[in-house]
Every structure is written in structure tokens, then in C-alpha cells.
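Student: I would like to go through this structure and ask what lies behind the labels used for it.

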Amino acid sequence: MPRTLIDALLAAVLTAVLLIPIFGLRIQVDGVNVALDRTPTPVVIAVVAVFLLRLFKRPLQRLWASWKVPGSWRANSATAALRQTAQHPRARQALWLLLLAVAVIWPFTVSRGAVDVMTLALIYVMLGLGLNIVVGFAGLLVLGYAAFYAVGAYAYAYLAQQFGLSFWLCLPIAGGLAALTGFLLGLPVLRLRGDYLAIVTLGFGEITRLLLNNLNFLTGGPDGIGGIPRPSLFGLEFGRRAKDGGATFHEFFGLDYSGDHAVIFMYLLGLALVLATLFVIDRLLRMPLGRAWEALREDEIACRSLGLNPTVIKLSALTLSAAFAGFAGAFFAARQGHINPESFTFIESAMVLAIVVLGGMGSQLGVVLAAIAITVLPELAREFNEYRMLAFGLVMVLMMMWRPQGLIPASRPPLTLPERAEAAR
Amino acid sequence: MSGFSFLEFVQQIINGLTLGSIYALIAIGYTMVYGIIGMINFAHGEIYMIGAYVGLMAITGLSLFGVDSIAAILLVTLAISILVTGSYGWTVERLAYRPLRNSPRLVPLISAIGVSIFLQNYVQIGQGARDVSMQPVLTGGWRFGPADGFQVYLSYMQVLIAVVTVAFMAGLTLFISRSRLGRACRACSQDRTMANLLGIDTDRVIALTFVLGAALAAVAGVLVGMYYGLVNPFIGFIAGLKAFTAAVLGGIGSIPGAMLGGVVLGLAESFASAYLQTEYKDVVAFALLILVLLMRPTGLLGRPDVEKV
Amino acid sequence: MNRFNRHALTIAAGVAMLGLSGLARAETIKIALAGPTTGPVAQYGDMQMMGAKMAVEQINAKGGVGGKTLEAVVIDDACEPKQAVAVANQIVNQKIKFVIGHLCSGSTQPASKIYEDEGILMITPAATNPAITQQGYKMVFRTIGTDDQQGPTAGRYIAAKIKPKKLAIIHDKQQYGEGIAKEVDKTVKAAGLKPVLFEGISKGQTDFSALITKMKKDGVDFVYYGGYHPELGLLLRQSREQGFDAGYMGPEGVGNKDISAIAGPASEGLLVTLPADFSSDPANADLVKAFKAKNEDPTGPFVMPAYAGVQIIADAIKGAKTEDAVKVADHIRKNSFQTPIGKVAFKDNGDLKEFEFVVFTWHADATKTPAK
């Protein structure tokens, strides 16, 4: 008993030390006068609560255990079942189809704001899938992914504004430019190992953002680039009135003008891009290149001794990954209509990385779900304002404890031996 | 620009060293944690921010009690701030990192980003998003140079920052190299499993590392509070990013490296600001980092990476 | 019996309340207040919300608009362009037709496009970037002056009154700060004064010693700073500390009590261009009292413009006798309104016809007096 008491007292003291400066005292600045306000109540409540919890930890645990057993058993078996179904290739396919069906029908049934948030989520899905190539498959930690995203966005914005090029023409250019950036960055830095590579890419990301902010003649500096046109559907525009004599979507189909058309169109476009991304990456993974990425992640030295050239493999992963960020960037610029360097900060890179890790590194389905969760959850909680980000941080930590391997851990696309091998036996 | 002036150059070195000392103090926390568990502790900048808040509160509180001796203010403030941030360092490690000790490398990193977001908003809820400021406690300094021309100015505060930094660094170096616990720290950073087998309580050593790193961040926070006098919940992020850069520049995992990295980074920023455009100082800082890593892939004083098969 | 009565009463009261709340819902006009309530600029967002909420309260106290009451819906965009678009779509969703906001130019711009497309009336009390009203939009108004009004005011004052030998222009590399610094640069150059230095610092920077040393060596005797108060406060403080005693001037983003809290005695003599101080206008005495009664500070630069924004919407709905936002916008464009920021009328692009910036001298005790 005394031991529990000491333990509880220590925990209570620790809580007090932690909480007093943040919640118990508040610095009040009024003009030139600085004062300290005292608000002891929350601290006292927290300290007492911690003390009691620690003191009665054992009985509470016992109580919790006896009360929890049936519930937890059910929950565990449910998650286990879910996990097993998720592992099963057929089930996975079914899950994919279900997701797709929901994704296509969804925009016509819900409100505009919801569709728009999902469009944003699709951008993150694309980013997550792209980063997943380099982090999840090739095992290279990249902390400056927002740089490639920015290159894509600015490429479209600049070309559209300066030369009036259309979205459809700019999309490949944006992807290509981002890929080129990835390639040029990769050439010198990919020989760095592990975390040093991460830091160099972080530095590169920051430099890119700073240059976007400083090179006013090219990027518009902090003003960014505005008036970016929305993509058109085979030449049909989505504005209220068509620019320079083109036709608008609602006139062509004889519909009443509604801003929702453009929003839904953007969503569907994003969905198409995501599907294309998914398809390409899925194919790549079945190719020798994709296998080489994963082999490299597992053991670089073994790879080298098998005659694989690690530099080429890493470079291919980074280049491709950057290209997808470029596509996502161009699409983001189109959705936003106005871009500035604020959208490409380090936090952006960190969020995409969080998506990849939360989803389960190397798992496509997991990344998709995590991207949706990370964009949609804070939106749902917008009313809670400052508590929203607090909870977000907390959820990130808890998720890492609960499922360090991610929502849906990766599984390799299965390769079965051809029938003949069986017959020969 | 009106040519090169030697006195301006001296002044820029003073500016750079002051800034570098602060970076170095924060950088140590990154480097120690990395050296032992190979994890980038993204929440360290936030610990520094909390240290700065506590420092400001302590100074304000002391002035309300009418304490006006600089030495007393400094000592008491440092003690309080170190106590609080040390507790934060310990708690964060205990709650958010220890359960993840044996997970894949990226898992604690994401957890750290989560902690960083959490702490930033947590302080914002408690203290508000507004800047909190304070008038300088220690003013004045020495001036050198011609009375009618450019005078080099060395403030008492800058000297204090240098002295405190050097004192804490020396103390830390002694602790790591001489004390029993310090030896345990080094053993853990060499090979954690082996250290564990030899009877070192590695969990305790790791917790100690976090507390020590947090304590130095608190020192930096208090000094920054006294020197600049401005604190808000967002200062941790920028300072953390810079300090982290400094740690890597010097060779992450190496304590003298963190000091060197901090000073080099501080000087680089000062000179970029002085002889180029101020808006390019951060570009120079990060470009320097990339260049150094390309030349010396493990930083200025880093151990060469051994490939283990 | 007694007990039964009490029950009946409670139930009756409950029903009445439900009925009332149902009625109330049908009879409100929603106004979205979009701006940052979190993040580094939340304190400016607070000014906007404070002013707008006060207007909503007072208008409702006087019987609302055409029998309906106004309802303020606060939505946080954290001053992030990405979130601003989401917020704008949310407003479309909730079928809100009137918006006071956004605060930052960077988030106002992408959001304004959506409001224009959807026929939602937007009045920003704080976004000062000229580009916002240069997009040819019909639904976008602002109740504050623009950077290209404020910059020249400052520039002319520097050229005519200060006549510095060596002028430096510093800005924070943000849309607002750099925009205004460029306007000042343009104006002083037109007046034949060439700045020796035009440089950007970064947001959140705390150490300016290198820049100060450089200015000191170059013999700069006057500095214009485009940006917000935290950076300028530190710049002032460190300048005085290093013995660099040039004069400083800044835009309304620095005209905040906090500058004196940060810079202390170093803020004495700082020049600031501000909208005329509406809170010292005798016509607003009652309003100022109302703010003070709620322990709120009415002197912030965006408080009164936000109040005015709500009031203009309310008056225009009454005047146009419709809640159709497009017609209300027309009405606003064609009429003038009596508000705490004076009698206002709008240009075709949605900017105020007249908005005056005045140069103030700031004092160390966080007060200000009109500069000579």
C-alpha cells in the first residue's frame, strides 16, 4: 500500500509540475505591463484525478478487466476478422470495388462542401500513393515531398497564366517537371544513407519553398499566382459565362447553371487521376522494377550482390514518386484557383508522410483510407477549433501505439507459380 | 553597399556566435536522442518553447516579488524551467515513445510529429495564441571603435548567453565522459542490446537522455526569453527546424558536432544576411547543409556509418 | 394535483420553448464570420469576430432586420488558403448568403472566387491586398483601405516630412507586408528618393542583429517596415540595443498595443499609418462603451470595419427589401451607409470610395497621437 501511495503522490506531483505553468498560470500582457493570472481550478482537478487514478490503479484495472472481457473479445475478434478479410486477395478486390462504387455515386448524393472536402482528400490520396513508392516500397525516407508537389502546382499555374495553356496539356508537363526535379535531386543525394537522406530532402523542401517566396519575377513571391483556370471537359467550361466564345457545360447540356457542376467535375477528375495512379503503381509493383524497390528496402547489400544497381533503382523510385506529386500539384492548383508558397510548407510534407505511415507503409489501400481520414476528420471537427488540432496530434500518437504497422498492413501482390510446375511434379 | 568594413565583420561574428549558441543548445537535445535511439525527436522544438514560456513566467513572477539581482533571477528561472521541461521530456518519452521502442524506424517519428502538434495546440489553449512579451532584464554592453564611426557593440546579454552556453556544454561533456551514468549513455549509443546485457538499465538511460536534452532546451528557452523577450506557441517549430539542421550539419549523434553545427549555422545566417540579401539567409543555411552532407555524408564531426551485414 | 400542475407547466414551457426556437430558426438571417480563430494570426481574427458579433447583437437588440434576427456563424480558416476554400464551400452548403471575412488576403482570394460564383455577398473588414477587388467580381466588398492607398500615404509622408538621407525598406516576405513595402518603394522613388536597401526577413524570425548591423554600417537613418507587429517589435528593440537609432515607420498591421509590450521604450516615436481612430470618434462613444462593458478592446484596426460590414449588410437588406444577395450587393453599390467608420460608399469594384489613412506617432505606453 505505501508503495502505491508513493507512486500516486509522485504522479500527482508530476502532473502539477506539468500543468501549473500551462494551465495554472497565464501571462497577461496589457500594453507594457505583464502580469500573471492564477487559475488553479483545472490544475487541482487534474492533480486530484491523477492521484486517485494512480492510487486505485490496481482495483480499477481489475474492475476494468472483469467488465471488459466480453466486449473486448468481441472487438478483437471483429478486428481480427476484418484483418483476415483484408488479407484475402478476393476480399481485398471486393473492398476495392465497394470503395470505387461509393466514390462514384457519392458526389451526387451529398452537399457541395462534402464533395469539395473529398476532392481535397483525393489530392492527399494521390500524394500519399506517390510518397508511398519512395517511402513504403523503396524504403527511402523523404521529408521534402511538398517540394515536388509545389513544382507541379506552380508549373500549371505559370503555364496557364503566362501562355494560356490548358490543364490537359499542363498536366503531363507538371508531372514531367516534378519528375525532372526528383531526378536532378536524386543524382547527387541518393548515395546518402538513411536519415541523412531524409534531412537533405527536408532541406531541399525548405529551399524550394523559400525560392518560391523569393523569386518574385517567376512565382509572384508571397502573392503567388492567381486566376488559374479550372480544367474543361473536352473544351466545355464550367463558369457561369464562357470565356472568349467557348461553350459552357451547362449550356451544352441545356442545364441550369449550378456551381455544383464544377465541384462535382473536379471531384470526378480527381477520382480519375487517383485511379490512374493506383493502376500504374499496381502494375509497376508486379514488374521487376517494383520487386527491385522492395528488395532494396529489405537489404541493399544483398541487392548489390545480386547485380542490381541500387542507384538506378532508388533514382527510378524518387523520379516516379515526384511525378505523381507533380500531377497532384497541378490538380491542386486547378482546385484552388490561386496558389502561394504557404501551401507547401514542411507541415505539408509531414502530413503526407503521416498518411503513408498511418495507412501502413507499402499498402495502397491503407494509404487511401488514411488520406481520407486525415483530411476529413479535421474538417468534421471544424467547430471544435483549437481542440481539433490537439485531438489530431493525440490521435497520431495513439494510432502509432495501437497499430504501428498501419491501418491495413501491406501485402505483396501474390505471384503463383504457373500450372506447369505443378504438372511436372 | 559601401565596401567592406572590418568592424562590421567583427560585429557580424558576434551576432552569428550568439545565434549559434542558442541553436547549439537546442541541437544537443536532438543529437543525444538520435545518438541513443536513432530517432528524430520532432517534439523537441516544442519542449524548448515550453521552456521559454516557463522562463518568462518565472522572471515575471520574480519581478512581482521584487527580486532584481540578475544572478538570482537567472539561477531561479533556470532551475524552475529545467524542472518543468525536464518533466515534459520525461513524460513525453514515457507516454509517447517508450511503448514504441521496438517498432519500425518511422513509427516513433510519426508519433513525435503527433506530440509536436499536440504540444503546440496544448500551449495555445492554455496560454493563448497571442505573443507574450517581456522587457529585457539585463541591458547595456560594451562599445568598441571610433566614437563618430561604426561601433562594435557587445551586450552583456550576448556575453551571458555565451558564458551560460559554454558552461552547460562543458558540464554536459564532463558528465558524459566522466560520470557513471554518462558512461552508460555512451554504452547505449554504441550498442543498446549489448549495454542491456551488461546490466545497464537502458530504459532509464534513455529517459535520462530525454530529460537532459529537455533541460538544455530549457536553458535555451530562458536565454531566448531574456534576450529577445518574445514567446508564442509557434516559436518551437522554427527554432527546432534550425537546431535540427545544426545537429545534422555537425554530425548527428555527436555532442561536439551539435555545438559546432550550431555555431556554423549561426555564422552562415549572419553572413548571408550581411553580405547577401536577408531573404536568402535560410536558403544559404539549408544549401550549406546539403553541400556539407554531400562532401561528408555524416556531417562535420559524425562517425562514419558502418555497414553491417 | 400540485405536482401534476408543475409537470404540466414544465411541459408547456418546454413546448413553448421548442416552438419559439423553431420560430427563431425560421426567422434568422445567417451571417458567416470567416477568419482565423486558431493559428498565429488568431488575435487579428478575434478583432474581426468581436466587431462583427457586437454589430449582430446591437442590431438584434434594436429589433433585427425586417422582423428577423441576425445570426453570426463563426467559421475558422486559420488563414490557410487551402482551408479557406473548404470554408467557403461549407458556407455555400449551409446556404448562408452573407459573409464577413476573410481576414488574410491569401485566403480571401481563393474564397472570393467561390462566393462570386455562388452569389454570396462577401465583405472583408481586413484583407487589404488590392488584387482582391481587381478580379471584376460583383459580390466582393471591403470596409478597409487597400495597400495601394496606405503605401502611398506612408511614402508621401516619408518623402515630404522625413526626407531621410538613406532610407531602408524592410518587409516580412508575406503578401501583406511585401505588397505594402512595394507601394512605399514606388511612391518614394517617384518623389526622387532612392532606398538604399529593400529586403525581406522571414515570418517568425527573432534575430535581426545581422540586418541591423548592415543598416547601421550603411548609415541608414530611416526604416520603413511592411509587416506585422511581432517582427517589428523585435527589430525596434534590437536596433536600440545595438545603438542603431534610425526612425521607423510601419503600416496598420503594427499598430497594436503589443508592439509596445514587445519593444518597450523603443516603440516611442514609431510612425504608423492607421485608419483614422474610429474608437476616439465622439460619434462612437456609446459603441466604445459597449465594448468596454464586455471587457473588449475596440481599438484594434479591424474591429470597427467588421462592425461596419455587418451593419452595411443589415441596412442594405432593409433598403433593398430582399434577402437576395445579388440584389443586396447592387443596393450596397448604389447607396451610402452611416457606420462607425463614417459615411461609406463603394466604388464599382467593391472598394470604399474614400478611406483615409492617417499617420500617427506611437508612444511607449501604447497610446498614439496624430503625427505632425
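Student: What makes up domain 1 and domain 2 of chain C in the domain assignment?

Tutor: In this predicted model, domain 1 of chain C takes residues 11-144 + 281-355, and domain 2 takes 148-276 + 358-370. The centres of domain 1 and domain 2 of chain C, taken over C-alpha atoms, are 31 Å apart.

Student: How do you know which residues of domain 1 and domain 2 of chain C are in contact?

Tutor: Two residues count as in contact if their C-beta atoms lie within 7 Å. On that basis eight residues of domain 1 of chain C are in contact with 10 residues of domain 2 of chain C. The domain 1 side of this contact has four nonpolar and four polar residues, and no charged ones.

Student: Why is Ala78(C) called buried?

Tutor: A residue is buried if 20 or more other C-beta atoms lie within 10 Å of its own. Ala78(C) has 24 such atoms within 10 Å, so Ala78(C) is buried. Ala78(C) sits in the loop between strand E2 (69-76) and helix H3 (81-93) of chain C. Its phi is near 50°, a positive value in a residue other than glycine.

Student: What makes Lys173(C) count as buried?

Tutor: The cut-off is again 20 or more other C-beta atoms within 10 Å. Lys173(C) has 25 C-beta neighbours inside 10 Å and therefore counts as buried. Lys173(C) is not a glycine, yet has a positive phi of about 60°. Its place is in the loop between strand E6 (167-171) and helix H6 (175-190) of chain C.

Student: Which value goes with the cis peptide bond between Gly101(C) and His102(C)?

Tutor: Omega is about -10° for the cis bond that joins Gly101(C) and His102(C). His102(C) belongs to the loop between strand E3 (98-101) and helix H4 (105-118) of chain C.

Student: How many residues do chain A and chain B bring to their contact?

Tutor: Chain B brings 55 residues and chain A brings 45 residues. On the chain B side, at least two residues each come from helices H2 (44-65), H3 (70-97), H4 (106-127), H9 (235-250) and H11 (281-295), and from strand E1 (132-133). H4(B) gives the most, with 16 residues.

Student: What classes of residue are found on the side of chain B that touches chain A?

Tutor: That side of chain B has 37 nonpolar, 14 polar and four charged residues.

Methods
Residues numbered from 1 in each chain as written. Chains lettered and ligands numbered in written order. Predicted model: local features only at pLDDT ≥ 70, side-chain atom pairs only at ≥ 80, totals over all residues. Helix = DSSP H or I, 4+ residues; strand = E, 2+ residues; numbered from the N terminus. Nonpolar A, V, L, I, M, F, W, Y, C, P; charged D, E, K, R; others polar. Domains from an automatic or database assignment. Buried ≥ 20, exposed ≤ 12 C-beta atoms within 10 Å, placed from the backbone.
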